[in-house]
Structures are given as structure tokens and as C-alpha cells.
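Thanks for coming. Please have the structure open.

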Amino acid sequence: MMLEPRFTEDLAELPTHKFGPSSLTWWGIIGYMIVEGGFFAMAFAAYFFLMGHEQGWPPEGRIPPNFLWGTLFTIVILLSEIPNTMIKKAANAYDTATVRRLMPVIIAFGAALLIIRGFEFNSLNCRWTDNAYASIIWALLILHTIHILTDWGDTVVLWALMMTPLGYESRRLVDTDENALYWRYVWLLWIPIYLMIYWIPRL
Amino acid sequence: MKLATLAFLPALLGACSYQHYQSVFGNAGTDDHQFLTLFAIFMAVCTVMYVAVIAFLIVGILRRRRAGEANVVETGRHHRAHPLMRAGLIGWGAVVSIGLMALAITSFFTDRSMAQSAAHPRLSITVTGNQWWWDAVYNSADASQTLHTANELHIPVGVPTRIILRSNDVIHSFWLPSLAGKQDLIPGRETDISIVPKKTGIYRGQCAEYCGAQHANMAFVVNVDNYPDFINWWRQQLQPAPAPATPLAQAGFDYIAQHQCSMCHNIAGTPVGGQVGPDLTHFASRRTLAAGTLPMSVGNLHDWIADPQSVKPGTKMPKIPMEETDLRAVVAYLETLK
Amino acid sequence: MIERAWGDGNYDREADEERLAKERRTISRDGPKLTGAKLEARLARTWARPPGFLGWLATVDHKEIGRRYIVTALVFLALGGVLALLMRLQLALPESGLISAARFNELFTMHGSTMMFLFAVPVMEGVAVYIIPLMLGTRATGFPRLNSFSYYMYLFGGLLLWVAFALNIGPDIGWFAYVPLSGPEFSPGKRADIWAQMITFTEVSALAAAVVLVCTILKTRAPGMTLARMPLFAWAMLVTSVMIILAMPSIALCSSMLISDRLVGTQFYNSFEHGDALLWQHLFWFFGHPEVYIIFLPATGFVSVITETFCRRPVFAYPVVVLALISTGILAFGLWVHHMFATGLPRVGYSFYTAASMSVAIPTGLQIFCWLATMWDGRPRFQVPMLYVVGFIVTFVIGGLTGVMVAAVPLDLQLHDTYFVVAHFHYVLIGGAVFPLLGILTYWFPKITGRMMSETLGKIGFWMIFLGFQLTFFPMHWSGLLGMPRRVYTYPAGLGLELPNLLSSIGAFVVAMAVLLFVLNGLWSYFRGAPAPPNPWGASTLEWATPSPPPDYNFAHIPVVESRTPLWDTKDKLPVVTGLRVDDKELLLTTVVAAAPDLREPVPEPSLWPFIAACATGILFVASIFSPWAIVFGAIPTAIAMAAWFWPSQVKRHPEPVIG
């Protein structure tokens with residue numbers, strides 16, 4: 001370096017972790033939420049664009065998807081927010097023991113949701129090759145399923161990590177907090193999709 | 001695959017020696033006329049703006065700066081700015097905004113005027129795009145007055161014509177630059193374009209949306225006629241195909257009727273009734289064949305039918321192995337379809 | 001490996017916490033007691049890039065990744081340029097039979113796709129990934145492994161496209177692949193699928209790089225570098241990266257829907273089954289229009305950088321330039337329908353897009369004023385980078401003005417899909433992005449390689465490319481007006497198209513020679529150029545406070561910034577912070593707006609997992625061209641690779657966090 005340094009403040013006491021927007025990974029997660037949100041937003045736009053062409057929706061007088069499994073899914077995913085919030089609070093309180101106890105609960109919720117999702121696909125009352133309406137609702141459901149699958153996978157891996165001694169590491173608790181944040185995004189995004197698949201065709 | 005060596009000569013003579021039968025300078029239709037006027041306005045305004053930018057650039061490069069006065073790091077005044085620049089920025093922003101607004105408003109007015117010219121069409125034609133040719137139907141309430149042709153249109157001068165545009169396969173675009181702008185032909189949708197020709201003449205148009213292998217060879221010809229000439233043409237086209245006059249032509253007709261040709265092509269007034277390919281009823285009255293790929297002539301027709309794939313590779317018309325005598329007969333017959 | 005079994009087992013937490021506290025007290029940190037050559041040696045050891053081929057694959061050093069991006073993008077530029085030469089050879093004469101229609105259609109598809117997806121966006125990202133941490137006064141980007149992953153995804157996408165082309169299954173549907181032509185009925189085979197999957201690769205790559213850049217720019221700036229003091233290039237990259245995040249999902253969705261129509265029979269674009277061909281156009285252009293600003297805005301950043309250094313003063317009206325960047329980024333999302341003026345949508349709606357398309361010229365026009373005012377008020381020195389800025393102004397403004405023309409619907413209906421538009425977009429893309437790029441590569445070459453490029457060869461190259469460009473593309477305005485549509489493999493004689501096409505073809509070879517000269521200059525200078533001091537141009541930003549080329553750790557001490565032009569305003573000593581670790585890699589995070597020191601973030605160690613994950617994802621994407629089950633089966637190795645990427649190499653606790 002050409003210029004001599006002039007020493008100013010000493011940063012040795014700065015923390016190495018913080019919850020919320022001070023965390024770098026928080027920004028990464030927000031970034032990817034916007035990416036995926038954009039993906040879904042364009043899918044929603046496609047849905048409404050295709051709907052705008054039609055007199056009836058579903059077109060050709062076909063029957064819309066059955067309510068049962070989709071509504072059951074919605075109830076279960078909303079309920080999953082309870083353990084999710086508890087995990088987030090525990091992470092913020094550095095309570096590794098509680099996190100370790102509760103994560104299997106949310107993992108079980110996730111597994112149940114994936115099973116219900118399988119039944120949902122069966123009750124759409126159409127095949128994706130039928131017409132563009134069928135294609136777009138299958139696409140929406142598949143996109144959200146990938147969303148759930150990947151977050152569920154993340155949660156399983158994170159739980160495994162929390163079960164090791166690193167579970168006491170503050171940064172892992174920040175990861176847990178951010179994972180809980182992401183789960184909120186997954187079910188929040190489900191709500192408009194639920195409406196678009198099950199309710200709007202009945203209007 | 002001809003090397004157009006002679007094309008150099010007229011090219012060197014400059015654009016004005018052309019009739020502009022496929023160019024925006026044709027000025028042969030009201031829409032193209034509106035285009036040229038608007039284009040001239042835009043060119044004027046944009047040129048002024050460009051000159052202003054370049055003038056500022058040159059002044060900035062050539063400006064003499066006295067040694068200690070420049071606002072640069074060497075004098076320590078790099079955080080200062082000449083007061084003229086602030087005023088200049090505001091002025092520049094204002095000029096650019098006002099200029100663009102003026103251009104936008106002029107554009108809207110032109111657009112509205114074009115819509116008005118299109119408001120009352122007196123002739124209606126439906127053009128359907130196919131890979132790589134144009135099907136045309138002159139619409140009429142009376143079925144016996146509906147004219148079906150392909151790749152070449154005649155329209156009367158001064159008469160507003162509405163062309164309804166559809167596609168049988170992919171997206172094409174109908175572009176007749178000497179008369180009007182373009183409009184896409186989109187499968188599953190119906191669009192339309194209005195043409196009000198002002199000058200008689202022969203004009204060439206081309207597909208302007210990439211539509212596959214032979215997009216470059218999907219052209220069409222539009223003849224703008226005086227009204228009496230148009231009526232004559234129209235009446236002639238409504239006639240069924242003339243009966244073959246010579247034995248050679250008769251042999252050609254028989255060949256067509258008994259072979260694959262009749263699966264795709266239609267010749268009105270005969271049993272040949274395929275609807276897939278271009279209508280051939282008055283085929284020989286057209287100036288080009290294969291949608292503008294070749295000029296109409298006996299030799300070209302012969303080569304085309306002998307092997308369409310070598311003239312226009314990928315075209316939907318298959319190569320049908322024919323004896324030379326059959327080929328000559330078919331050509332002779334088709335030549336009579338005026 | 002997991003050191004202990006699941007759960008607590010024999011783990012004594014209290015004892016471990018005591019051990020950690022003790023070890024924390026003996027950590028070496030930089031400062032007055034550890035500085036100069038001793039500090040640099042320790043930092044060099046800590047931040048050293050791993051040796052060997054595997055080490056090269058595993059590196060997460062932003063400078064190495066940036067260099068890879070730039071070199072790869074320049075290779076694709078050359079390949080795309082060769083395709084252009086072939087096209088110009090065919091079009092030099094009317095009715096030429098040199099190249100068949102089918103081959104020509106592949107050429108323009110490959111040329112457009114290569115230039116737009118494999119050159120223009122990646123080269124901007126590559127330059128940003130290299131220089132931004134240096135410019136911001138930090139040692140690494142955020143998420144360095146994601147950065148590495150993004151490069152490999154880009155490389156694999158480019159390889160997919162070009163290997164397919166070499167095997168004669170390359171796409172021939174145009175770079176924007178309109179349906180139904182690109183759909184299952186009219187494009188049989190795998191050509192269109194390869195194109196669509198190349199999109200998936202490059203868009204995953206670009207999105208990852210965008211997230212990396214946004215996080216780096218917002219969180220890792222040097223203390224004191226508030227947003228209002230951040231260099232204009234960093235602003236340009238911030239806006240660009242946000243645009244990428246908002247625009248790319250659209251093309252990811254529509255290309256996936258295309259593959260789905262082709263592979264599994266969905267009906268998104270099939271008008272016979274309630275789909276719509278225009279759905280493609282809306283989704284594509286919603287991405288496609290911002291895409292060109294994604295390419296242009298970093299170039300405006302380059303122009304700001306060069307103008308400041310070579311006019312010896314900061315760019316005039318910094319806040320105006322920042323607002324212009326942001327408003328261009330926002331407006332760019334409201335213009336896309338101007339690509340669809342000929343599709344028969346309601347004319348009333350079109351008027352809005354005309355107004356919006358014209359209004360985007362205002363912030364750009366203001367930026368141009370600011371650069372010209374900087375030149376006027378400063379003392380410009382016309383070395384090669386500044387020549388490219390002048391070339392940019394002369395050329396880009398022409399393109400911008402023809403853009404204003406085609407924004408008007410009555411004009412566009414004649415000019416759309418003709419060579420006039422081809423002229424327009426080459427003027428804005430080459431004039432507006434490539435000229436600044438060549439300038440900035442000349443400018444940052446000494447920093448990247450430690451040597452200066454030849455000024456003489458640079459000047460010759462500039463004039464060749466500038467004049468060659470005008471010769472190539474100016475006549476295209478004329479051929480468009482004379483009736484030549486786009487994407488035609490030949491044109492008839494007698495329309496007056498012969499002369500403009502011949503001139504364009506000659507010009508293309510001049511441009512090609514100029515690019516070759518630039519590359520030769522780069523190669524020669526790399527080996528024999530004059531050695532470069534840390535700050536050969538006398539510039540003001542922090543990247544010039546490091547040696548040329550910078551060491552792996554960038555800065556021995558993290559600087560503190562007190563103005564927009566730190567190196568011009570520092571008297572004799574550069575203020576720096578102290579207390580950062582020396583034997584483990586860590587990054588200083590600062591607050592988003594005020595850049596106050598906030599956190600010490602550990603930086604991940606080099607890792608092969610991004611490469612492995614990119615291979616697994618790549619196999620998934622390529623296999624899914626052939627079967628939808630590939631998504632299910634391919635997801636498994638991808639998931640394993642991603643989990644291994646995240647999983648720490650040791651589950652032993654460290655006194656301060658380490659990511660290994």
C-alpha cells in the first residue's frame with residue numbers, strides 16, 4: 001500500500017452475529033424471497049391473463065377442483081405457524097434445547113402437508129394437458145410444492161445440524177430464526193394460490 | 001441462387017432511381033404518407049437534439065481552461081461546479097422533456113388520424129398466413145361473389161380497404177411498406193390492417209415476423225388499379241377456370257385431377273378441390289410464384305413443380321416424381337389459368 | 001465428520017464455553033501492533049487461494065471468479081462475432097447461396113442468444129464481481145460460494161448451447177423464440193428445448209450473482225461509505241442487480257412453460273386449448289425490456305468511472321445521476337409492450353407505452369448532460385478509456401434517438417422487425433455497452449493484471465472499431481427503410497438493398513479486426529506491458545489504494561471513507577479501522593445506509609461443493625430436456641450437494657465463527 005495507515009476505531013468487540021437485517025444471510029433470504037415472489041407473481045399474471053380471455057372459468061364448463069384437500073392443506077399449514085413461531089422465539093432467546101425439541105414437530109407438519117398435497121393433485125378434476133386453465137393451476141400447485149419441498153429439506157438439514165454441539169453456536173440460531181422466517185413466506189404465498197385454484201373458479 | 005450482378009448498377013445510381021415499390025419512400029398509401037410526415041418531424045427534432053449533444057461535447061473538449069481555474073483535483077476545487085452547469089442541467093432537462101412530449105403528442109395525433117382513415121372501409125379482404133404463403137379471400141355477403149386467391153392482390157386506388165389477418169400456423173406479419181405499416185397475423189386471434197392506396201402501381205410486400213425456414217421467401221404482390229381495371233380483374237377472377245383448350249393442356253389437367261396435386265390445391269369449376277395449398281384458379285394471372293420467390297414464367301414454373309424443395313427448401317409442397325411429358329403438360333395447363 | 005453423536009451425549013457445554021472464552025482472548029487482530037509487512041504476510045497466508053487444479057475449482061476469491069466471468073464472456077463475444085461475420089458474408093450480395101436458409105436461421109438465433117445471454121449480462125457481472133469489493137473497501141463479496149456456483153452455472157449453460165450447435169442440434173427459432181414457432185408443433189426435435197434450458201442455466205446464474213451483488217453493496221461497504229458517498233458504479237450495479245431479481249423470474253417462468261408445452265403437453269401457448277401465443281410475448285418482453293437496461297446501466301457506471309478519472313473531477317450532480325439510475329431502472333419495467341405494437345392490442349393502451357418509452361429517455365438524457373458537464377468543467381485527458389467514452393456519446397445517442405422514433409406507434413408499424421430496428425439496437429448495445437466496456441477493460445486492466453495496455457494499439461483499435469461500427473450499422477437504417485425485414489437469409493436484387501448490405505458486410509470485417517486487435521493488445525500487454533503502479537490513472541476510488549494486482553486479501557487494513565472521492569481527499573494517511581482477525585477470514589459488515597460498523601462476518605473457506613452442486617443441477621437441467629422424471633431423480637444428487645455445501649466441515653465449536 002502506498003499510503004500510511006492512520007488507525008481509527010478498534011472493532012474487536014463487534015459481535016459476530018445478530019438477528020434480523022443486520023445479518024448478511026437475512027438479506028440473502030430476502031433476496032431469494034423476492035426472486036421466488038417474482039416467479040409466482042408472473043405465474044399469477046399468466047393465470048389472470050388466460051382467465052381474461054374466457055367467458056367461464058374453468059373454460060368449457062368443467063368442474064373446478066374439489067375443496068376438501070386444498071382446504072385441509074390450508075388449515076394445516078396455518079396451524080404449522082404455531083410451532084414455527086415458538087421455534088423462532090426460542091432461537092432469538094438462544095434456547096437451543098427448545099429448538100431441538102420443537103423442530104421435529106414442524107418437520108412432521110411438513111411431511112403431513114406433503115402427503116395432503118399428493119391428494120390435492122388428485123382432486124384437481126383436470127389433467128395438465130387438458131387446456132391452458134388446467135396447465136396453469138397444475139403449474140401453480142407444482143411451483144408451491146417445490147417451495148414446500150425445498151424448505152422442508154432445508155429444515156431437516158438444519159435440525160440435524162442443531163442436534164450437534166454446533167446447535168449452541170449463535171450463528172446457527174440466527175440460521176434457525178431465518179429458516180422460520182422463510183416458512184412464514186411459504187404459507188403466506190400459499191394463500192393467494194389457494195384462492196386462485198379453489199375459490200376464483202367458483203365465483 | 002442467382003448472382004444478381006446487374007443489381008450493382010441501379011444500386012450505384014442511388015435510391016431515387018427506384019420506384020420504391022417495397023420501401024417506406026413509396027408514399028403510395030395514406031398511412032405511409034402519414035408515416036413519412038411524422039418521420040420527417042421526428043428526424044428534424046432528433047437531429048436538433050443530436051446536434052446539441054455533439055456541440056456540447058465539442059465545446060467541452062476544445063474549451064480553453066485557464067490554469068488555476070479549472071474545477072479539478074489538481075487545483076483542489078474538484079468539489080465545486082461552474083454555476084452555468086446547474087442552469088444548464090435544468091434547461092437541458094426541460095428541453096428534452098418538452099421535446100419528447102411534443103413528439104409524443106404529434107405521434108398520438110397521427111395515430112388518431114390513421115384510425116380515422118380506417119374507419120369506413122369499402123372493401124374487405126381476409127388474408128390468412130401460412131408457412132410460407134398468403135391465402136386471400138375477398139369477402140362478400142353473397143357467396144357467389146367471394147373471390148379466393150393467393151399471394152397476389154388487386155385493390156382499387158382511393159378506396160379504403162380493410163384486410164382481416166389470420167394465421168393457420170405460426171405468427172406472420174403483413175408488411176406493405178410503400179402503402180402502410182405492418183400488422184401481425186397471430187393464430188387464435190384476428191387482427192386487421194387498413195390500406196387506402198393513393199397511387200396506382202405494382203407493390204411488393206413481405207412477411208416481417210420470423211416464421212420458420214423460408215420466412216425470407218414469403219412475399220406478396222399488390223396491384224393498385226384504377227377502379228375500372230380493378231372491376232375487370234375482379235370479374236375475371238370470379239370466373240371459374242377456363243376449360244383446357246389444347247390436348248396438352250387437357251393431359252395436364254387430367255394429371256392434376258388424378259394425382260396428389262388435387263389433395264392440396266383448388267381450381268374453381270373443376271373437381272380439383274384441395275383446400276390446403278394456394279388456390280390455382282387464376283394462377284397464371286399472377287406475377288410471381290411460390291409467394292414472390294420466383295417471377296412467373298414457363299421455365300420457373302417448370303423448375304418449381306419439378307422440385308419445389310430445391311427452389312424453396314422446407315416448403316410444404318413435396319417433390320412429386322413426374323415424367324417430363326407429364327410435367328410439360330401440367331405446366332401447359334397451368335399457363336392457361338389466367 | 002460429526003465429532004460426536006446426535007444430541008448432547010457427553011458434551012459439557014459449560015467447559016466448552018470456558019475454553020472458547022480463553023481462546024478468544026488470544027486471537028490475533030490487526031492494528032498498530034500488527035501492521036506492515038508482518039501483517040501482510042499473515043493475511044496472505046490466511047486468504048491464500050488453494051493450490052492445484054482442485055483448488056482452482058474450489059476457489060471463492062471474487063477476483064478469480066470475476067476474471068473467469070470476463071474471460072469466458074469475451075470468448076462468447078468472439079464466437080458470437082464470428083457468427084455475425086458469417087451472416088454478413090451471406091448478406092453481402094443479394095440472392096446469395098453461400099449459406100442455406102436453415103443454417104442462417106441457426107446463425108442469427110445463436111448470435112442473438114450468445115450476445116444477450118452469454119456475453120452482455122455475464123461480462124457486466126464479471127466486472128462487477130471483480131471490482132465492487134475493491135471499490136467498496138472490503139475483502140470479499142457476500143456469499144462467495146454462491147458466487148462460484150453462479151459462474152459454473154453460466155459456463156455450463158454456454159457449453160450446452162454451443163455443444164448443441166456444434167452437433168447440429170442448435171436452436172433456430174430466433175433469440176426471442178416466439179411461439180407457436182418454437183412450440184411442439186412447429187419446432188420438432190430438441191433444438192428449442194436446448195435454447196430454453198440454456199435460459200434456465202443463465203438465469204439461475206444471473207440471479208445468484210445479483211443476490212451476491214445486492215448483499216455486498218448494501219452490507220459490506222467500508223465504514224463511512226454512506227449510500228451518498230458510494231461510487232456511481234456501485235449505484236449502477238445495485239440498481240442493475242435489483243432489476244435482474246425482478247425481471248429474470250419472468251423469462252424463467254415462460255421458458256419453463258415452453259419446455260412444459262413441448263415435453264409434457266401443457267397448453268399454455270396453444271390457442272386451440274384456451275392458451276395464447278401472446279402470453280409468451282408478454283412474459284418474455286416483461287423480462288426482455290429490462291434486460292437491455294440490465295446491460296446498459298452497468299455501462300453508464302463505467303462511463304461515470306472513466307469520466308471522473310480522466311476529467312479530474314467527480315461527475316457533475318451526483319444526486320441527479322443516482323436518481324437517473326433509479327428512475328431508469330423503475331421505468332424500464334413499464335415499457336415492454338412497445339415490442340408488441342404490431343400485435344393488434346388496443347391502440348389506447350399503446351399510447352401509454354409510447355409515453356413511457358419516451359419518458360425513459362429523460363433520465364438517460366440527464367446523465368448524458370452530467371457527463372458532458374464534467375468534461376466541460378474538468379480537464380479531460382483523451383487516453384484510450386476516455387476515447388471510448390466519447391465514442392459512446394456519439395454512438396449511443398443516435399441509438400437513443402432512433403429508439404424515440406420506434407417508440408411512436410405509427411413509426412414503429414413501419415420500422416418494427418426491419419433492419420432499422422437492427423440498426424437501433426446495435427447502436428444502443430454496442431455504442432451504449434460495448435464501447436464503455438472496452439474503455440473500462442483498458443482502465444482496470446492495470447489493476448487486474450499489474451500491467452498497462454499499449455496506448456498506441458488501444459488508440460488504433462478504438463478508431464477502427466468506432467469507424468467500422470458506423471460503416472456496419474449506419475447503412476442498416478437505410479436498408480430497413482428500403483424494405484428489408486429482419487431475419488432473412490437473403491434479399492431480392494433490385495430493391496436498392498445491395499449497397500447498404502455490402503457496406504455493412506465490409507464494416508463487419510473492420511469491426512472484427514478491431515476486436516482482434518483489442519484481444520491481441522490484451523495478450524501482449526499481459527506478458528510484456530509496462531508494469532503498473534497502484535494508481536496509474538491518478539483515480540479517486542478505493543480500488544486504487546491496493547497494489548496492482550491486489551493481494552488475495554485486498555486491503556491490509558479496512559479503510560474508512562470520508563468523502564465520495566477518498567483518494568483525492570486523503571491528505572497523507574489513509575484512515576483505517578483495526579481489530580479484525582488475521583488468522584481467520586472475516587468480513588466487516590456495516591449498516592445499510594450510514595455504513596457504520598455493525599458485525600464481523602466470517603467468510604467461507606474455498607469449497608468444491610458449489611462446483612459439484614452446479615454439476616448436479618446441470619445434469620438435472622440437461623436431462624429434463626429429455627424426460628420430466630429427470631426433475632425428480634436429478635433433485636436427489638442436487639439436494640445432497642446443496643446440503644453438503646451448507647454443512648460445516650467440523651462440528652467443533654470455534655472461539656469465533658469460521659465457515660469451513
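Chain B contacts chain C through 91 residues, and chain C answers with 95; contact here means heavy atoms within 4.5 Å. This is a predicted model, in which local features need pLDDT of at least 70 and side-chain atom pairs count only at pLDDT 80 or more, while totals for chains, interfaces and linings use all residues. Residues are numbered from 1 along each chain as its sequence is written, chains are lettered from A and ligands numbered from 1 in the order in which they are written, and side-chain values use heavy atoms, with hydrogens and water left out.

The size of an interface is often given as the accessible area lost when the parts come together. For chain B and chain C the buried area is about 7900 Å², and carbon and sulfur atoms give 69% of it. Buried area is the accessible area, taken with a 1.4 Å probe, that two parts lose on being put together, summed over both. On the chain B side, Tyr50(B), Leu89(B) and Tyr210(B) lose the most area to chain C, together 9% of what that side buries.

Asp111(B) and Arg347(C) are joined by a salt bridge, at 2.4 Å from N to O. Polar contacts link 33 residue pairs across the interface of chain B and chain C, both residues at pLDDT 80 or more. A polar contact is a pair of N or O atoms within 3.5 Å; within protein, one must be able to donate a hydrogen and the other to accept it, and residues adjacent in sequence count only if both atoms are side-chain atoms.

Which element gives the most to the side of chain B that touches chain C? That is α3(B), with 17 residues. Helices (H or I, at least four residues) and strands (E, at least two) are DSSP runs, numbered from the N terminus.

Next, chain A. Here 61 residues of chain A are in contact with 78 residues of chain C. The two chains bury about 6300 Å² between them, 70% of it on carbon and sulfur atoms. The interface of chain A and chain C has four salt bridges. Glu169(A) pairs with Arg653(C) in a salt bridge, with the closest N and O atoms 3.7 Å apart. Polar contacts between chain A and chain C number 22 residue pairs, both residues at pLDDT 80 or more. From chain A, α1(A) gives the largest share of the side that touches chain C, 15 residues.

On to the cores. A nonpolar core is a set of buried Ala, Val, Leu, Ile, Met, Phe, Trp, Tyr and Cys residues joined through side-chain atoms within 4.5 Å. The largest has 353 residues, and Phe174(B), Phe233(C) and Trp444(C) have the most contacts inside it. Helix α5 of chain C, residues 101-136, gives the most to this core, 23 residues.

Last, Arg581(C), in the loop between β1 (573-578) and β2 (586-590) of chain C. Is Arg581(C) buried or exposed? Arg581(C) counts as buried because its relative accessible area is 2%; buried means under 20%, exposed over 50%, and partly exposed in between, with a 1.4 Å probe and protein chains only. Its side chain makes a polar contact with the side chain of Glu656(C) at 3.2 Å. The side chain of Arg581(C) also reaches the backbone oxygen of Pro657(C), at 2.8 Å.

Conventions: Salt bridge = Lys/Arg side-chain N within 4 Å of Asp/Glu carboxyl O.
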